[in-house]
Amino acid sequence: MRINIQTHCFLCIVFMLITINMTFSQSLDSLIKIAIDNNPEIQQLQLQYEISNEKINEVGSLSNTEFGVGYFVSEPETRTGPQTFKLSVKQMFPWFGTLTARENYQNSLADVEFENLSIAKRKLALSVAKSYYKLNAIYGKQVITDKNITLLQTYEELALNAVEIDKASLVDVLKIKMRQNELIGEIQVLVENYKGELATLQQLLNTSDTITLRDYKVLSIPSDIVLNETTDSLQLHPELIKYDKLYKSVSQSEVVNQKGKNPIIGVGLDYINVAERTDMYVTDNGKDIVMPMVTLSIPVFNKSYKSKSKQHQLAQEKLLAAKQERYNQLVAVLKQNIANRNAAKIKFETQTKNIDQADKTEKILMKSYETNTLKFNDLIDVQELKLKFQLMQIDAALSYYLQTINIHYLSNNA
């Protein structure tokens, strides 16, 4: 008996060290914030979004101004003198509205990157929440198993007293001890499960700081909760909004394509230096030449614009089909999550009734001890059933919360 109690206490201390030996405690909301702040994928997508935003300034700029310098090796003679060197400058201007169209297109691409960032944040929050509830479930199972070990110690004392007055056999005592050993082994398994899940959470948070949960409690489901989720808000989900943003980016790309069919205007200036004539005197002797220039670039024979328009049309049709397919998938998953959550609530309530019946049976058996008819086999059987019901209830509650956070992720309530 002493060995079992010592082992039990040692396991409890190990479990407490795992849960208490931390630098600070965190609620679920703060854990999600830490994960989002530290996650490398989130950081990468955030930087990609900033790059896309910065590109708006790039595409809104004019092309390079062209400067030219020419020196006449063989100076051509003119009436007013020989030409010595030439300077030129030219700037091309796209058609009216082209730069704005390019900026709008790049802005639409940045919007797509923003949706990618939103989706990644929601998925990370979902993973952190799942780990959080799994840790709570493991904690709840440890608490309940610990209580059952304590209860078995009480049964063992009763059995030993009954042996002394020949109202029970040592077989009953040994059965109780074997049951204690089983539960101690289950706590050892729970300790390992807890360490594994804690490592998962630590990886999601991407921090060297050790973490504990602020409000550890045995998971339960409120009896008065109303389950009325629908698929109405699915259209607002970032995974579907992303398709809308992609569709818009294709539309903006087509606007840029149409603007490309317009002429490109160039404005320039040529300056030619003319030396004075020495052989004779003429009017405007040595007068330099200044020549303003205007150029026009027109895509007369370019068929690529028509081809791009067709590609854009096909791309939009593809996006509409892809969005509908993804919507159908999300609807199916959401309905399944809702059904699973409803089933989990039913299972939880069923186990609540079973636990209540087990408590009543246990009280009846304990009362029989007063009339010297205590049956330890029946008592152990009831204890095992009760523990089974309690663990199944925690599993049902865990399933309920896992399905709930899945529903929140899908229904834009995250």
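Asp270 is buried, at 7% relative accessibility, where buried denotes under 20% relative accessible area, exposed over 50%, and partly exposed the range in between (1.4 Å probe, protein chains only). The structure is a predicted model, in which local features require pLDDT of at least 70 and side-chain atom pairs pLDDT 80 or more, whereas totals for chains, interfaces and linings use all residues. Residues are numbered from 1 along each chain as its sequence is written, and side-chain values use heavy atoms, with hydrogens and water left out.

The side chain of Asp270 forms a salt bridge with that of Lys86, with an N to O distance of 3.6 Å. A salt bridge is defined here as a side-chain nitrogen of Lys or Arg within 4 Å of a carboxyl oxygen of Asp or Glu. Lys86 belongs to strand S4 (residues 81–93) and Asp270 to strand S6 (residues 264–274), and the pair links distant parts of the chain, 184 residues apart. Helices (H or I, at least four residues) and strands (E, at least two) are DSSP runs, numbered from the N terminus. In contrast to the buried Asp270, Lys86 is partly exposed, with a relative accessible area of 32%.

A salt bridge also connects Arg179 and Glu384, whose closest N and O atoms lie 3.7 Å apart. Because Arg179 is located in helix H5 (residues 170–205) and Glu384 in helix H8 (residues 376–410), this pair ties together parts that are 205 residues apart in sequence. Arg179 is buried, at 9% relative accessible area, while Glu384 is partly exposed, at 32% relative accessibility.

Lys345 is buried, with 11% relative accessibility, and Glu349 is partly exposed, with 34%. By the stated criterion, the count comes to 15 salt bridges.

Helix H7 also packs with helix H6 (residues 238–260), the axes being 9 Å apart and at an angle of about 175 degrees. Axes are lines fitted to C-alpha atoms, for helices over the stretch in contact, and angles run from 0 to 180 degrees between N-to-C directions. H6 and H7 are therefore roughly antiparallel to each other, a class comprising angles over 145 degrees; angles under 35 count as roughly parallel, 65 to 115 as roughly perpendicular and the rest as oblique. The contact of H6 with H7 involves 12 nonpolar, eight polar and six charged residues. In this classification, Ala, Val, Leu, Ile, Met, Phe, Trp, Tyr, Cys and Pro are nonpolar, Asp, Glu, Lys and Arg are charged, and the others, Gly among them, are polar.

Overall, the protein has eight helices and seven strands, and 39% of its 414 residues count as buried. Among contacts (heavy atoms within 4.5 Å) between residues at least 6 apart in sequence, 85% join residues at least 24 apart. The protein exposes about 23,600 Å², of which carbon and sulfur atoms supply 56%; accessible areas come from the Shrake-Rupley method with a 1.4 Å probe, and for residues only the protein chains shown count as cover.
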